[in-house]
Every structure is written in C-alpha cells, then in structure tokens.
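This report describes selected local features of one protein model.

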Amino acid sequence: MMEERKERYLYLDCSSGISGDMTVGALLDLGADREVLERALDSLGVGGYHLHFGRKKKCGIDAFDFDVHLEDEDGHGHEEHGHGHSHGHVHRNLNDIFDIIGRLDADDAVKNLARRMFSIVAEAESKAHGIPVEEVHFHEVGAIDSIVDIVSAAVCFHNLGISRVYVSPLAEGQGYVRCQHGVMPVPVPATANIVSGHGLTLRFTENQGAM
C-alpha cells in the first residue's frame with residue numbers, strides 16, 4: 001500500500017517585499033533541487049542569460065542568492081512585475097509567453113502555475129491600460145529574466161511538494177518609480193490591481209521606491 005503524501009504548506013514573510021529572485025532563492029534554500037530547476041530551464045530553449053547561485057548576507061543574515069544575469073547587459077531582474085527594470089526588452093504578448101512555457105519539460109501542474117502567474121499580471125496590466133488581455137505586451141515582464149524567475153518559482157514549488165502558500169501582508173515602499181510608461185507613483189497600477197483583485201494586504205513602509 002502506497003504511503004499517502006502529506007500536504008506541505010508554505011508561509012511567506014514578506015516584510016522586505018517580494019520579487020521573483022527572492023522567492024526562488026528562498027525555495028532553493030528550503031531544499032528545492034537546483035539540478036531539476038536547471039534542466040527545466042534548459043528545456044525552454046531560450047538563451048541570452050546565465051544563472052547565479054550563491055549565498056550573501058543581508059543585514060547580517062545569511063541568505064541564498066539567486067539571480068538571472070542577461071548576457072548582453074549588466075541589469076538583472078528584481079521585480080516580478082518588472083517595474084524595477086531599467087534596461088530595454090523584447091516585447092511579447094501572453095500567447096508568446098505561453099508558447100515558451102509550453103516547451104517546458106515539466107509536469108503539467110508546473111506549466112499551469114507559470115501560466116496562471118503570467119495571466120494574473122496580464123489581467124492587471126489590461127485593467128491599468130484599458131485594453132484586452134490579448135493586446136497586453138510585456139515590454140518588461142516578458143523579458144527573459146522575468147520569464148526565468150516565474151518559471152523557476154513554479155518548478156521549485158512543485159519540486160518541494162507545496163500545495164498551499166500563505167502570505168503575510170506585503171511590505172511596500174512609497175514615492176515614485178520610473179518604468180516603461182514614465183514616472184509612476186508607488187504602488188504602480190499593475191501592483192495595485194493585483195493586490196485589490198486577489199485579496200492581498202499592503203503594509204506601507206517609509207522606504208522609497210517599490211518593494
């Protein structure tokens with residue numbers, strides 16, 4: 001008789017905000033298999049980047065450091081929704097990104113989770129710009145570094161057997177950030193739409209900029 005697999009829950013303490021690389025680093029630190037992740041990313045068939053795995057200290061605390069480095073530029077992703085990026089990107093729509101995810105050599109649950117993440121962002125951008133979801137172009141989120149962040153998170157969640165995620169109130173900064181559409185107030189519209197549309201709670205801090 002096969003032993004029933006116990007459900008595993010994850011709690012994310014987002015007191016310092018949250019981003020794709022922070023999430024993937026934390027999941028790798030919890031024991032997600034780096035080789036499984038690298039094989040999955042290789043199956044996407046996209047280039048122009050390399051991965052950094054290591055450790056670093058933040059405020060004296062040891063942490064896993066995961067980063068996506070673009071090979072033709074110095075910048076690398078620090079925002080899941082991309083508003084922290086300053087470098088130029090290829091424009092992709094949701095179907096373009098779904099095509100890339102479709103090449104992923106992984107369980108369907110992984111592909112579906114990655115698609116769902118991008119769909120949430122597309123819906124938020126659609127509402128912000130007043131255009132249909134299929135017309136949303138990911139000039140920032142569609143960048144390879146953000147695709148890698150989101151797919152990596154999906155792969156690591158599945159690899160760890162996590163069935164449910166609980167999230168603390170999300171710490172956010174204040175002031176303004178510069179993005180593709182110019183200078184915008186924090187939180188930027190897409191972030192505000194995701195928060196309001198999915199029952200999330202924002203806790204504002206005195207930090208300048210988006211978190």
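At what angle do helix α1 and helix α5 pack, and how far apart are their axes?

## Basis of the model

This is a predicted model, in which local features need pLDDT of at least 70, side-chain atom pairs count only at pLDDT 80 or more, and totals for chains, interfaces and linings use all residues. Residues are numbered from 1 along each chain as its sequence is written, and side-chain values use heavy atoms, with hydrogens and water left out.

## Packing of α1 and α5

Helix α1 (residues 20–29) packs against helix α5 (residues 144–159) at an angle of about 25°, and their axes are 9 Å apart. Helices (H or I, at least four residues) and strands (E, at least two) are DSSP runs, numbered from the N terminus. Axes are lines fitted to C-alpha atoms, for helices over the stretch in contact, and angles run from 0 to 180 degrees between N-to-C directions. The two helices, α1 and α5, are therefore roughly parallel to each other (angles under 35 degrees count as roughly parallel, over 145 as roughly antiparallel, 65 to 115 as roughly perpendicular and the rest as oblique).

On the α1 side, the contact is made by G20, D21, T23, V24, L27 and L28; on the α5 side, by D149, S152, A153, C156 and F157. Contact means heavy atoms within 4.5 Å.

Strand β2 (residues 49–58) and strand β3 (residues 61–70) run antiparallel and are joined by 10 bridges. Two strands pair if DSSP finds at least two bridges between them. Within this pair, F53 stands opposite F66 in β3. The hairpin formed by β2 and β3 has 2 residues between the strands, and C59 in the turn has a positive phi of about 55°.

## Salt bridges

How many salt bridges does a search of the whole structure find? The search finds 5, where a salt bridge is a side-chain nitrogen of Lys or Arg within 4 Å of a carboxyl oxygen of Asp or Glu. One of them joins D62 and R55, with the closest N and O atoms 2.8 Å apart. D62 has a relative accessible area of 40% and is partly exposed; R55, at 44%, also counts as partly exposed. Buried means under 20% relative accessible area, exposed over 50%, and partly exposed in between (1.4 Å probe, protein chains only). D29, R55 and D62 are linked in a network of salt bridges.

R34 and E38 meet in a salt bridge at 3.6 Å, N to O. Both residues lie in helix α2 (residues 34–42), 4 residues apart, about one turn of the helix. An α-helix has 3.6 residues a turn, so residues three or four places apart point the same way. R34 is partly exposed at 42%, and E38 is partly exposed at 26%. A salt bridge also links E123 and R116 (3.6 Å, N to O); E123 is partly exposed at 38% and R116 at 39%.

Which residues of helix α6 (residues 189–197) are buried? They are A190, T191, N193, I194 and V195. The cover over these buried residues includes α4 (108–129), β5 (170–174) and β8 (202–208). After α6 comes G199, which has a positive phi near 65°.

D107 is in the loop between α3 (94–102) and α4 and is partly exposed, with a relative accessible area of 41%. D107 and N159 are 52 residues apart in sequence, and their C-alpha atoms are 10.0 Å apart in space.
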